[in-house]
Amino acid sequence: MAGNDFDPGLLSQDQQEALGTYTAVTNQEPSAAIPLLERSQWNVQIAIAKFFDGEAPDPLEEARASLTSSPAPPTTSARQETLMNGFSQPPGPSNRTRIDPAPRIVPQPENQNVYRAPFILTLFLTPFRLLYHILSGPLRLFAYLFPFLPPILSGLAGSRAQPRRQRDTSGRRPLNPRDTAARFAREFEEEYGPHDLQFFADGYAQAYDLAKKDLKFLFVVLLSPEHDDTSTFVRSTLLSPEVASYVNDPQNKIILWAGNVQDSEAYQVSSALNCSKFPFSAIVAHSPQDSSTSMSTIARISGPIPPSAFVRRLRSAISTHFATLEQARASRNEQQATRNLRAEQNSAYERSLAQDRERARQRREEAEARSRAAQEEKAKAKAAEQAIRNLEHWKKWRAQSILPEPSTSGEGVTRISIRMTSGERIVRKFRAEADMEELYAFVECYDIASGEAVSAETPKPPGYTHSYRFRLVSPMPRIEYDPDQGDSIGSRIGRSGNLLVEYIDDEDDL
């Protein structure tokens, strides 16, 4: 199940959820994530911590290995020791360089939490503290002048002197990792002058993470200003052109991080890397043979050493581990390429799906628009037919109420010549006291009144309000007569007149 080809169906529901959460956070392939989750008992928090902080060796597995590799019986050892001089070396562990895990160090400043006693307790202990200071001073002086006195006096003086020797007297204020790195670089340049080394401008944890991410070599240099060999090592070895050019060469993929052990971070790094002698140098790199997230110390260099030997040891350690990192880098690039290809395929599928959805939406909108247009055309045609029927009905109704033509001429009668739009001229007499609307109704209903008999029983069309779509005008001078003004024919036109019928366009109404 931990191989490259695994079946997700073999995992339980909880294990599948843990695998999904772990891969979402670490962006690691499931084939590489399952072994780490199995070693972490499928605990996602422990697995994520091992991925980012490095995986320490399992004490249980080491105990099992020590039990399986038990020493041979004494007789066999003696026999091997007897035959060793004449034949071969006894079997045992190889002489290869030991590779120890390199943990990720997150510094915690000293005196971060300062305990302050309650005020009442401090006030109560003040007399005892004064008495202790008064008595301890003469006793220490007495013990210094007479060291051969009984051990009780030296013990009394030593119990006070021992904590003073453990107290930090450097006077260095704890800073955050970035400021600590900047302070070290500034002090290093002030002490040894300008140089070509490119120190990493952040904390050890950040350099550690960058080396793990980019599969580079983390070159750690720890210096102790109180050590006698520090100045000689820095000036003759670390700042030599041979070492600087090798460390700065981009092809070697080296990240240089240095620190002063008087700082809390560098001191914790020295303890984690098992530093036993200063000046101290180490190379930390990813060790894929242990796990997919482990970082190991592949080389340690302690004490003063000539530049040529220093570079030779650096080159030997890096060249030995370079092929392993290149293989891991190629595998990671292949996984990233596969991941990118899958993402591009998913993106292309999403784009194609979005385009199909857009086309379907456009087709649906076009069909809806055509349906609405057809319905609107149908409604307009129906409305036009209804308007024609209402107009014909209204004409029949209005024609039956048109006043008849007066039989005689004279006062109270207006003779009007009307030229229709068809060119026909109509001459008719109207009552002078009749409204202008009577004249408009005659023109509107002329075709019905002149063509067929009007039934007296035609009712008024319900809900219909008629509006005249033409106007009557006098040509010379041009005068328009509005049927809604309410004036009589005689007051507007006089005894006689010539009128033209002009249809009103929709643009004239606007």
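Me: How confident is the predictor in this protein, going by the mean pLDDT?

Reply: This is a predicted model, with a mean pLDDT of 80 for the protein, and 79% of its residues reach 70 or more.

Me: Which stretches stay under 50 in pLDDT, residues 110-114 for one?

Reply: Residues 110-114 do, and the model has 3 contacts for them beyond four places in sequence. Residues 153-169 also stay under 50, with 10 contacts of that kind. Where pLDDT is low, the predicted coordinates should not be read in detail.

Me: What makes Asn252 count as buried?

Reply: Its relative accessibility is 12%, and buried means under 20%, so Asn252 counts as buried. Asn252 sits in the loop between α11 (241-248) and β3. Leaving aside neighbours within four places in sequence, Asn252 is in contact with Phe217, Tyr246, Ile318 and Phe322.

Me: What lies 2.8 Å from a polar atom of the Asn252 side chain, and what makes that a polar contact?

Reply: That's the backbone oxygen of Tyr246. The cut-off for a pair of N or O atoms is 3.5 Å, and 2.8 Å falls within it.

Me: Is Gln41 buried or exposed, and why?

Reply: Gln41 is exposed, because its relative accessibility is 67% and the exposed class begins over 50%. You'll find Gln41 in the loop between α2 (30-39) and α3 (44-53). Its phi is near 60 degrees, a positive value in a residue other than glycine.

Me: Why is Asn274 called partly exposed?

Reply: Its relative accessible area is 48%. Buried would need a value under 20% and exposed one over 50%, so Asn274 goes in between, as partly exposed.

Me: Which residues of helix α12 are buried, and what covers them?

Reply: In α12 (residues 264-272), Ser264, Glu265, Ala266, Val269 and Ser270 are buried. Their cover includes α8 (177-192), α9 (204-214), β2 (217-223) and β3 (254-260). An α-helix has 3.6 residues a turn, so residues three or four places apart point the same way.

Me: How many residues does the largest nonpolar core have, and which have the most contacts inside it?

Reply: The core has 34 residues, and those with the most contacts inside it are Phe188, Phe217, Phe219, Ile283 and Phe310. At least two residues each come from α8, β2, α10 (230-238), α11, β3, β4 (280-286), β5 (295-302) and α13 (307-399). Helix α13 gives the most, with 8 residues.

Me: What is Phe310 in contact with, leaving aside its neighbours within four places in sequence?

Reply: Phe310 is in contact with Phe219, Phe233, Thr237, Val243, Ser281, Ile301 and Ile305. Apart from this core lies another, of 26 residues, among them Met420, Phe470, Tyr481 and Ile489.

Me: What makes β8 and β10 a pair, and in which sense do they pair?

Reply: They share 4 bridges, with at least two needed, so β8 (residues 470-474) and β10 count as paired, in the antiparallel sense. Arg471 has Glu502 in β10 as its bridge partner. Strand β10 (residues 496-503) is also joined to β6 (residues 413-419), by 5 bridges, and those two run parallel.

Key
Residues are numbered from 1 along each chain as its sequence is written. Side-chain values use heavy atoms; hydrogens and water are left out. Buried means under 20% relative accessible area, exposed over 50%, partly exposed in between (1.4 Å probe, protein chains only). Contact means heavy atoms within 4.5 Å. pLDDT is the predictor's confidence in each residue, from 0 to 100. A polar contact is a pair of N or O atoms within 3.5 Å; within protein, one must be able to donate a hydrogen and the other to accept it, and residues adjacent in sequence count only if both atoms are side-chain atoms. A nonpolar core is a set of buried Ala, Val, Leu, Ile, Met, Phe, Trp, Tyr and Cys residues joined through side-chain atoms within 4.5 Å.
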